[in-house]
Amino acid sequence: ALCVTTAAVAQDYPTRPLTMVIPFAAGGPTDVLGRIVAQRLGEVIGQQVVVENVGGAGGGNGSQRVANAAPDGYTMVLGTVGTHAQNQTLYKRPLYNAETDFTPVALLADVPIVLVARNDLPAKTFREFVAYTKANAAKMSFASAGSGSASHLACTVTNSTAGLNVTHVPYRGTGPAMQDLQGGRVDYLCDMISTAKAQIDGKTVKPIAILTKTRSPALPDLPTASEEGVDVEAYTWNAIFLPKGAPAAVVKKLNAALIETMKTPSVRERLAGLGAVVVAPERQTPEYLVSFVKSEIEKWAAPIKASGVQVE
Ligand code: MLT
């Protein structure tokens, strides 16, 4: 018979290359982590995993594309706290429902965010940065990976907590945003440690503070904003989502392959070097990701509302 049951299809899965949509520009933190994961996932699952960068709308465009794709397990998105939590509150009309338009597969990593400034900005500490920015706010701007991205929200909550009112310049990812920061065309950026670290080490940008509760072993000398008197917390995470309605057997197979991928010593080593933290096994299940997305949407709603920032 030509009729194939979904169970049989899931058993063979995957029989052709997979696509991992990175909802940001190449060279940014989601892209860097995504390419490390995609390469090893391809080996583990026995089919190539092709990375496709679809930027715009703070990661909303690429995520929406996956929400609308066939739920057959061949098109996945590497989501973030921005694309699958923060933008749900930030946008007056979100492009999709992060809870109901996707099938959560696995949370991969937690990633701290650092505030970096152009090299010639006259401030060395976070306290000096706040004082300088207060005095010069009218002529300053900060860059982000687009409205509703983690980099946007990190600077938004920092600005609102520290009392800074600065113009926002959105890009299609922090990759291009970082280039303009290095060129001095914007004043600061809240970037993920995974791409900021190389620029800090190379002295092409100035580190101001890390926005997590504790310092990172990847940048141990960089103080937290809280140590400098401003109590903010901002971070991102990366997780794999399929479109809603993906077969349970496909989710199970992809989840197992992702867990295997994240166990790989060379993957762990590279991610640790970037300052990304692979999540503990109990946080790698699809069920955990369902509840985590829900709690992250709730967690971020209050600070986003308090910031007064909304995207029409
Ligand atoms: C963000 O959430 O700001 C993105 O991860 C940035 C990027 O990958 O370019």
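Begin by selecting Thr-80 and Gly-82: a side-chain oxygen of Thr-80 lies 2.9 Å from the backbone nitrogen of Gly-82, and in this way Thr-80 caps the N-terminal end of helix 4. A polar contact here is a pair of N or O atoms within 3.5 Å, where within protein one must be able to donate a hydrogen and the other to accept it, and residues adjacent in sequence count only if both atoms are side-chain atoms. Helices (H or I, at least four residues) and strands (E, at least two) are DSSP runs, numbered from the N terminus.

This is a predicted model, in which local features need pLDDT of at least 70 and side-chain atom pairs count only at pLDDT 80 or more, while totals for chains, interfaces and linings use all residues. Residues are numbered from 1 along each chain as its sequence is written, and side-chain values use heavy atoms, with hydrogens and water left out.

Next, select residues 81–90, which form helix 4; ten of its ten residues are buried, so the helix is largely enclosed by the rest of the structure. Buried means under 20% relative accessible area, exposed over 50%, and partly exposed in between (1.4 Å probe, protein chains only). Among the buried residues are Val-81, His-84 and Leu-90.

Now show the surroundings: the buried residues of helix 4 pack against partners including helix 3 (60–67), strand 3 (75–80) and helix 11 (286–307).

Finally, display the whole protein, which has eleven helices and ten strands, and in which 58% of the 312 residues count as buried. Its C-alpha trace spans about 75 × 40 × 30 Å along the principal axes.

Conventions:
Contact means heavy atoms within 4.5 Å.
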